[in-house]
Amino acid sequence: MMRLLLKLFRKKPVDCNELQTTKLSRVLTLLDLILLGVGSTLGAGAYVLSGEVAKSKAGPSIILSFFVAAIVSVLAGLCYAEFGARVPKTGSAYVYSYITIGELIAFIIGWNLILEYAIGTASVARAWTANFNTLVDYKISNFLNSTMPIHVDFIAEYPDFFALGLVALLTVVLAVGVKQSTMFNSIFTVLNLFVLTYVIICGFFNVDFKNWSIDKSEVPPGYGEGGFMPYGISGMLSGAATCFYGFVGFDCIATTGEEAKNPQKAIPISIIISLFIVFIFYFLISLVLTTMSPYYLLDASASLPFVFERIGWTIAKYVIAIGGICALTASMVGSIFPLPRVVYAMAEDRIIFGNLSKVSDRFKTPVLATLVAGLFAGLTALIFDLTELVNMMSIGTLLAYTFVAKCVVILRYRVKTFENEEPEMKLDSYDNAAGNNIEFQGKFSLKQLIKPETTFPTKITEAIVTTTSSTLSLFVIGLCILLVNAEDDLTRGWAIYLIIQFIVLIIICTIIIAMQPCNTAKIPFKVPLVPFLPELSAAVNIYLMLKLSPSTWIRFCVWMVIGFFIYFGYGFRKSKLAEEK
């Protein structure tokens, strides 16, 4: 059993001297990465999400909801930024988990990233065709409904060949070259930003801040108490949980580690800048919406056209329609772009079929992985009703965010992160003498939990951090389960007692980790306030995962069963690490 466990958690070695080695073509600039992050994140959320949250959850306080959501997203973004600087390799969270935790966890993360990006691509493709369908008076849906109807649960009402064609087109663009696909994304992202800028500028000519202080007597039943926070602080925080998904997508930048110029600097900078740009646009769009119209009058599905039609600016409706199509196109590129790269990274390590890692000599792209990934996403868009599947995309995203945050903590306190890494500062003579001897461990004692014997990491301090961080996660899961499932009982004595106990234990674990000596590896970007910020990020992501419906978790388990058949039937025996050992 111990041998089996060691094989399941074998870690991928990394040599710092080989980080720049790649079969792919390094052609992406900092601007390419920023526009890729903005395009994949600032999509339909600006056109749909803001109006929906403002009307039913937060009211004018949606601007605070987006601020809270941005803070939570930045916590995850910082963790991705450090790993992007530390390990500029294709694969994003999959590679980070493989290096830090082990093969089984890496497979789980990679397998869910494949589903996340496939569903994301399919859902945006269907949204694109639905948007276009309205412009042609529903002729597409009427024709397909009458000629090829489908009457099966969890399957769409009709096969969406238009969405399949869109995904096929993008797949070809991706296969031809990474520079061409990012140029395609950049054009539509810039057009989207111009449209949103036009909307914001026009909106500022029609703002009325009286809509932030509407009297309760004017508000229809079911729409809160009026004022700036009509649904209270709980409504604002509930809106923040929904707005968080408006920031999902920036992680596609982390999959470009082997295609970006100077990735160790470009990836961290582009992640932070893209998140900042997205927040500014979300904030200003929400401000315009809630000042141009009372929040309870907003059209949840088409809020921007509604507010401009309300003041008689009908031309803005057509400009917004163009912006929506551009935003959806950019989002689709952002969703499908990382999909073949995750498949390629897993195939390169041979934990899925190794043939998928072949790179075209002509295009310098993983053509087979791109075609297979595009086929999977296209068939998903063709036949599935995505309203029930979209939540599964959230599990994949949040799971990846959680493990990346935990990996940052574990790597920061490891004895030696990679081979041939350069320390950030010189150790004194005692630390050098002891540090050069990997076997230097001393003896474990409870005192070492708070006051370690050395100023550099040892095997003991590394084990303390790994064990304590894992224990902390169990306490966080317990606290989140209590908060999610006992919301009506949180004011009772037993609930308050358990909450306080969990919080105290979480604080103690975090302090123990913080007292251990850090690794001094020199990297271009580091997350500040480790372990506090990464552990907070992981806790928030765990809470959001547990808020998802039971049916979502059932479908997640079915997908994992399929994945485990592939891993234990092929990857466990055929992976590179299995052959090397």
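This is a predicted model: local features need pLDDT of at least 70, side-chain atom pairs count only at pLDDT 80 or more; totals for chains, interfaces and linings use all residues.
Helices here are DSSP runs of H or I that hold at least four residues, numbered from the N terminus. With that in hand, take helix α12, which is followed by Gly312. The phi of Gly312 is positive, near 90°.

Start with the whole chain. The protein has 22 helices and zero strands. Its radius of gyration is 25 Å, close to the 25 Å that the globule rule gives for 581 residues, so the protein is as compact as a globular protein of that length. Along the principal axes, the C-alpha atoms fill a box of roughly 75 × 60 × 45 Å.

Take the contacts with a separation of 6 or more: 82% of them join residues 24 or more positions apart. Buried residues make up 55% of the 581 residues. As for charge, the protein carries 43 positive and 40 negative charges. Their mean positions are 7 Å apart.

Return to helix α12, which spans residues 303-310. Its buried residues are Ser303, Leu304, Pro305, Val307 and Phe308. What covers them? The cover includes α3 (49-58), α9 (178-204), α11 (263-292) and α13 (315-336).

Phe66 lies in helix α4, residues 62-86. Is Phe66 buried or exposed? Its relative accessible area is 0%, and the cut-off for buried is under 20%, so Phe66 is buried. Set aside its neighbours within four places in sequence. Phe66 is then in contact with Ser50, Cys243, Phe247, Phe279, Tyr282 and Ser286. Ser50 is 16 residues away along the chain, and the C-alpha atoms of Phe66 and Ser50 are separated by 9.0 Å.

Val124 is in helix α6, residues 103-135. Val124 is buried too, with a relative accessible area of 13%. Beyond its neighbours within four places in sequence, Val124 is in contact with Leu328, Ser331, Met332 and Ser335. Val124 and Val72 are 52 residues apart along the chain, and their C-alpha atoms are separated by 24 Å.

Leu31 sits in helix α2, residues 30-41. At a relative accessible area of 55%, Leu31 is exposed, because the cut-off for exposed is over 50%. Leu31 and Ala266 are 235 residues apart in sequence. In space, C-alpha to C-alpha, they are 9.0 Å apart.

Move on to the loops. Asn211 is in the loop between α9 and α10. With 11% relative accessibility, Asn211 counts as buried. Which residues does Asn211 contact, leaving aside its neighbours within four places in sequence? They are Pro60, Thr290, Thr291, Met292, Ser293 and Pro294. Pro294 is 83 residues from Asn211 along the chain.

Some loop residues call for a look at the backbone. Most residues other than glycine have a negative phi, and most peptide bonds are trans. Asn262 has a positive phi, near 50°. Asn262 is in the loop between α10 (232-243) and α11. Arg350 also has a positive phi, near 60°. Its place is in the loop between α14 (338-348) and α15 (367-383).

The peptide bond joining Val530 and Pro531 is cis, with omega about 15°. Pro531 is in the loop between α19 (493-515) and α20 (532-546).

Finish with the annotated stretch. An unreviewed UniProt entry gives residues 525-575 the annotation "domain: Cationic amino acid transporter C-terminal". Over residues 525-575 the chain is 78% helix and 0% strand. The end C-alpha atoms of this stretch are 31 Å apart.

Conventions
Residues are numbered from 1 along each chain as its sequence is written. Side-chain values use heavy atoms; hydrogens and water are left out. Helices (H or I, at least four residues) and strands (E, at least two) are DSSP runs, numbered from the N terminus. The radius of gyration is taken over C-alpha atoms; the globule rule is 2.2 Å times the number of residues to the power 0.38. Buried means under 20% relative accessible area, exposed over 50%, partly exposed in between (1.4 Å probe, protein chains only). Contact means heavy atoms within 4.5 Å. Lys and Arg count as positive and Asp and Glu as negative; His and the chain ends are not counted. The place of a charge is taken as NZ of Lys, CZ of Arg, CG of Asp or CD of Glu. UniProt positions are given in the numbering used here, feature names are shortened, and annotations may be inferred rather than shown by experiment.
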